[in-house]
Amino acid sequence: MDDWEKYFAEHPAPAHHAVACEEMKAFCQKHVNEKRNIALVTSGGTTVPLERNTVRFVDNFSAGTRGAASTEYFLNHGYAVIFLHRDESIRPFFRHLNSRVLDALQEGPGGLLQLSPAHSAQIRPIWQNYQMVRAEGRLLWLTFTSLSDYLWLLRSATQCLQQHAPKALLYLAAAVSDFYIPQDKIPEHKIQSSSGPHTVTLQIVPKMLSPLVSIWGPELFVVSFKLETDEKKLIEKATGALQKYKHDLVIGNLLHTRREEVTFVTEKSSSLLRLMEHQKAEKIEIEKLIVEEVCNRHRKYIKY
Ligand code: PMT
């Protein structure tokens, strides 16, 4: 048994997994019938529980901004999108209002609250887009919290999309834990501080890109992201991932500059994509440029 098979054997499927699989199947079938391309966008960070009755867990920084913004741009390019996201992470469309909602409201006739004219003008095109996407049933929301929930959904979604290759792509922007605690080492109840210092040994999570590319979705267009904090390591690590897993594209980004620049790395070349000053001034998001480029490359992939 491979390491990744052992991981799935040790971790039961999340609750309602069968329902999520049915939803994905129906969603993919509908959009294949309507001759649409489909993107799976993964977004946000996974958690690794420290207790079975989980009070504490290991988490990471990702808020899901990249995945949520990219989803909107894939939808703009006509794709149907499965948005596989961390529960409570940033969501497409809603992200434009969430944190500002109270500032955007004012009292209208009869004391009813309504959006101020300025906010209304800003929100209207986003709302219209959202309503259109809803009416067309082009966005499927699936949530995860823990690493194991994520991996179960990722595998099922990939297998489902494989039926629709080459018109389906994977855009793996989620920040996935590289470490976990084996099931038999996780205590049932809350770890007590009265017992003194506590040591946890984290095991390495098998790299799921390997079965994903070679077994679950061999004909899909697969884009993974590589996050580093050390600029000197980025290209080397991204190229290493491509050589190892043999997928289509790695988008490298550095923690502190990820909103302004990314590097597209393929086996043959690497190219920097950076927001220009005028684009920053116009508040253009880098995800717009990233998704444009990914769609171009996916189009070529479909033709071959
Ligand atoms: O959410 P934001 O704040 O907007 O941030 C966006 C982002 C920085 C999280 C995103 O742009 C990004 O880089 N996501 C990938 C981060 C990451 O997990 O990198 P990594 O080097 O740990 O993993 C590389 C690839 O291996 C990933 O595509 C991941 O899906 C895959 N992986 C990871 C762990 C694992 N056990 N198996 C895997 O296959």
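An N or O atom in the side chain of Lys226 lies 2.6 Å from an oxygen atom of the ligand. The structure is a predicted model.

A nitrogen atom of the ligand is 3.1 Å from a backbone N or O atom of Met208, and a polar backbone atom of Thr65 is 3.4 Å from a ligand oxygen atom. The protein buries 95% of the 790 Å² that the ligand exposes when taken alone.

## Pocket and shell

The largest pocket holds the ligand. Helix H3 (65-76) and strand E11 (221-228) are the elements that give two or more residues to the shell around the ligand. Strand E11 supplies the largest share, 4 residues.

There are 25 residues around the ligand, and those that come nearest are Ser62, Gly64, Arg66, Lys226 and Asn253. By residue class, the shell divides into 13 nonpolar, 6 polar and 6 charged residues.

## Aromatic pairs

Across the whole structure, 15 aromatic pairs are found. One of them joins Phe74 and Tyr171 in an edge-to-face arrangement, with 5.1 Å centre to centre and 85° between the planes.

This pair links distant parts of the chain, since Phe74 belongs to helix H3 and Tyr171 to strand E8 (residues 168-172), 97 residues apart. Helix H3 also gives two or more residues to the shell around the ligand.

Notes. Residues are numbered from 1 along each chain as its sequence is written. This is a predicted model: local features need pLDDT of at least 70, side-chain atom pairs count only at pLDDT 80 or more; totals for chains, interfaces and linings use all residues. Side-chain values use heavy atoms; hydrogens and water are left out. A residue is near a molecule or strand if one of its heavy atoms lies within 4 Å of it. A polar contact is a pair of N or O atoms within 3.5 Å; within protein, one must be able to donate a hydrogen and the other to accept it, and residues adjacent in sequence count only if both atoms are side-chain atoms. Accessible areas come from the Shrake-Rupley method with a 1.4 Å probe; for residues, only the protein chains shown count as cover. On a 1 Å grid over the protein atoms alone, a cavity is a set of points where a 1.4 Å probe fits but cannot get out, and a pocket is an open set with protein on both sides within 12 Å along at least five of seven lines; lining residues have an atom within 4 Å of a point. A molecule sits in a cavity or pocket if more than half of its atoms lie within 2 Å of its grid points. Ala, Val, Leu, Ile, Met, Phe, Trp, Tyr, Cys and Pro count as nonpolar, Asp, Glu, Lys and Arg as charged, and the others, Gly among them, as polar. Rings of Phe, Tyr and Trp (its six-membered ring) pair if their centres lie within 6.5 Å; planes under 30 degrees apart count as stacked, over 60 as edge-to-face and the rest as tilted.
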